[in-house]
Amino acid sequence: MIDQAVVIYCICDEVTKTLGIQDDSQCRMSSAEIMTFAVMSASLFSGNYTRTRLMSRHHQYFRNILSLSQLVRRIHTIPE
């Protein structure tokens with residue numbers, strides 16, 4: 001599962017660079033990390049953000065994981 005997360009992150013990072021999506025310097029999670037979280041949630045946990053967040057925290061996939069409400073807000077701010 002860690003291999004999938006790394007591949008997803010690399011793709012999301014390249015997409016954010018290509019589209020020119022800039023993160024605020026105060027963000028605890030980058031847009032690529034937020035996109036990785038959303039893709040992992042959709043593919044592994046049928047879109048259940050709570051389970052994805054708990055699994056990500058337990059396996060330490062993200063250094064600074066946001067609260068559930070902050071994650072949902074950040075997911076919705078990423079342009080389609």
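This is a predicted model: local features need pLDDT of at least 70, side-chain atom pairs count only at pLDDT 80 or more; totals for chains, interfaces and linings use all residues.
Phe62 belongs to a loop, the one that runs between α3 (49-59) and α4 (68-77).

When neighbours within four places in sequence are set aside, the residues in contact with Phe62 are Met29, Glu33, Thr36, Phe37 and Ser56. Val7 stands 55 residues from Phe62 along the chain, and the C-alpha atoms of these two residues are separated by 14 Å.

## The nonpolar core

The largest nonpolar core has 17 residues, and those with the most contacts inside it are Met29, Ile34, Phe37, Ile65 and Leu71. Two or more residues of this core are given by each of α1, α2 (31-44) and α4, with α2 supplying the largest share, 5 residues.

Leu71, one of the core residues with the most contacts, touches Met29, Ile34, Phe37, Arg53, Ile65 and Leu66, once residues up to four places away in sequence are not counted.

## A nonpolar surface patch

Val7, the residue whose C-alpha atom is separated by 14 Å from that of Phe62, forms a nonpolar patch on the surface together with Ile11, Val15 and Leu19, and the accessible area of these four residues together is about 370 Å².

Ile11, one of the members of this patch, lies in helix α1, which covers residues 2-19. Since exposed means over 50% relative accessible area, Ile11 counts as exposed because its relative accessibility is 52%.

## Cysteines

How many disulfides does the count come to? The count comes to 0 disulfides, where a disulfide would require a pair of cysteine sulfur atoms within 2.5 Å. Cys12 is in no disulfide, and the nearest cysteine sulfur to that of Cys12 belongs to Cys10, 9.4 Å away; for Cys27, likewise in no disulfide, the nearest cysteine sulfur is that of Cys12, at 16 Å.

Is Cys12 buried or exposed? Cys12 is buried, because its relative accessible area is 6% and the cut-off for burial is under 20%.

How values were computed
Residues are numbered from 1 along each chain as its sequence is written. Side-chain values use heavy atoms; hydrogens and water are left out. Helices (H or I, at least four residues) and strands (E, at least two) are DSSP runs, numbered from the N terminus. Contact means heavy atoms within 4.5 Å. Patches are made of residues with over 30% relative accessible area and no salt bridge: like charges are joined within 9 Å, nonpolar side chains (Val, Leu, Ile, Met, Phe, Trp, Tyr) within 5 Å. Accessible areas come from the Shrake-Rupley method with a 1.4 Å probe; for residues, only the protein chains shown count as cover. A salt bridge is a side-chain nitrogen of Lys or Arg within 4 Å of a carboxyl oxygen of Asp or Glu. Buried means under 20% relative accessible area, exposed over 50%, partly exposed in between (1.4 Å probe, protein chains only). A nonpolar core is a set of buried Ala, Val, Leu, Ile, Met, Phe, Trp, Tyr and Cys residues joined through side-chain atoms within 4.5 Å.
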